[in-house]
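Please examine the sequence and the three-dimensional model shown below. The paragraphs that follow lead from single side chains to the fold as a whole.

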Amino acid sequence: MKNLFKTTLAIATLGFSSLGFAADSAPVEAARLLDTLNLQRVLQESIETSLDAQIQRQPKLVPYRAVMLTFMAKYMSYEGLKDELVDIYAKEFTGEELAALREFYQTPVGRKAIERLPALMGQGMQMGQRRVQAHLGELEDMIKAETERLQSQQQSQQPAQQPKKAK
């Protein structure tokens, strides 16, 4: 009976310790995944693609491109964001899931996805911007109508002022 209790206790202890290890492996696996994704390069390319799209829409920003890149490097660099990104991934995925993702991204299809991601994101942003631009008049009309509705509502909620009596 004593041996059965000791064996059960040992198995339970091993089970709980492996659960703790699995939970703690998520940040390590998240960091490995970010490295596999070459997120430093992807982030830099995404920033440049996004900035260039903004400059294309607003050409007056051309002289400020270097300044904006310097600013982004200061606040949006991979090294500056890495710890927070690791936390984000570790909260959303288990260590096992992150390891599986890393394995996928090491395959030829996964590597291709990594290589194409910045360009795909840039194309998606440009597509969205074109669609908004094409319908900007409609948005302006909607905003104008809502402004009028809110003003009317505000006026109807104010108590009517009584005219002042002459003395």
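Is aspartate 35 buried, partly exposed or exposed? Aspartate 35 is partly exposed, with a relative accessible area of 46%. The model is a predicted one, in which local features need pLDDT of at least 70 and side-chain atom pairs count only at pLDDT 80 or more, while totals for chains, interfaces and linings use all residues. Residues are numbered from 1 along each chain as its sequence is written, and side-chain values use heavy atoms, with hydrogens and water left out.

The overall plan comes next. The protein has 7 helices and 0 strands, and its pattern along the sequence reads α-α-α-α-α-α-α. Helices (H or I, at least four residues) and strands (E, at least two) are DSSP runs, numbered from the N terminus. Of the 167 residues in the protein, 19% are buried. The accessible surface comes to about 13,300 Å², and carbon and sulfur atoms account for 59% of it; such areas come from the Shrake-Rupley method with a 1.4 Å probe, and for residues only the protein chains shown count as cover. A contact means heavy atoms within 4.5 Å. Among contacts between residues at least 6 apart in sequence, 76% join residues at least 24 apart.

A nonpolar core is a set of buried Ala, Val, Leu, Ile, Met, Phe, Trp, Tyr and Cys residues joined through side-chain atoms within 4.5 Å. The largest such core holds 20 residues, and those touching the most other members are Leu34, Leu39, Leu43, Tyr78, Leu85, Val86 and Leu98. Helices H1, H2 and H4 each supply at least two residues of this core, and H2 gives the most, with 6 residues. When residues up to four places away in sequence are not counted, tyrosine 78 touches Leu34, Asp35, Leu39, Gln40 and Leu43.

The charged side chains form another part of the picture. Side chains of opposite charge can pair when their charged atoms come close. A salt bridge is a side-chain nitrogen of Lys or Arg within 4 Å of a carboxyl oxygen of Asp or Glu, and by this rule the count comes to 7 salt bridges. One of them joins aspartate 35 to lysine 82, at 3.7 Å from N to O. Because aspartate 35 lies in helix H1 and lysine 82 in helix H4 (residues 78-92), this pair ties together parts that are 47 residues apart in sequence.

Another salt bridge is formed by aspartate 52 and arginine 65, whose closest N and O atoms are 2.7 Å apart. This pair links distant parts of the chain, with aspartate 52 in helix H2 (residues 39-57) and arginine 65 in helix H3 (residues 65-75), 13 residues apart. Aspartate 52 is partly exposed at 33% relative accessible area, and arginine 65 is partly exposed at 27%.

Salt bridges that share partners also join Glu29, Arg32 and Arg102 into one network. Within it, the side chains of glutamate 29 and arginine 32 meet at 2.9 Å, N to O. Because these two residues are 3 residues apart in helix H1 (residues 2-36), they are separated by about one helical turn. Glutamate 29 is buried, at 10% relative accessible area, whereas arginine 32 is partly exposed, at 42%. Arginine 102 is placed in helix H5 (residues 95-105) and counts as buried, at 18% relative accessibility. Leaving aside its neighbours within four places in sequence, arginine 102 is in contact with Glu29, Arg32, Leu33 and Thr36.

Aromatic rings complete this account. Rings of Phe, Tyr and Trp (its six-membered ring) pair if their centres lie within 6.5 Å; planes under 30 degrees apart count as stacked, over 60 as edge-to-face and the rest as tilted. The structure holds 3 aromatic pairs. One of them, phenylalanine 71 with tyrosine 75, is tilted, at 4.9 Å centre to centre and 50 degrees between the planes. Being 4 residues apart in helix H3, phenylalanine 71 and tyrosine 75 are separated by about one helical turn. Why is the pair of phenylalanine 104 and tyrosine 105 edge-to-face? The ring centres of phenylalanine 104 and tyrosine 105 are 5.0 Å apart and their planes stand at 65 degrees, so the pair is edge-to-face. Phenylalanine 104 is partly exposed, at 37% relative accessible area, and tyrosine 105 is partly exposed, at 22%.

Key:
Buried < 20%, exposed > 50% of the residue type's maximum accessible area, 1.4 Å probe, protein only.
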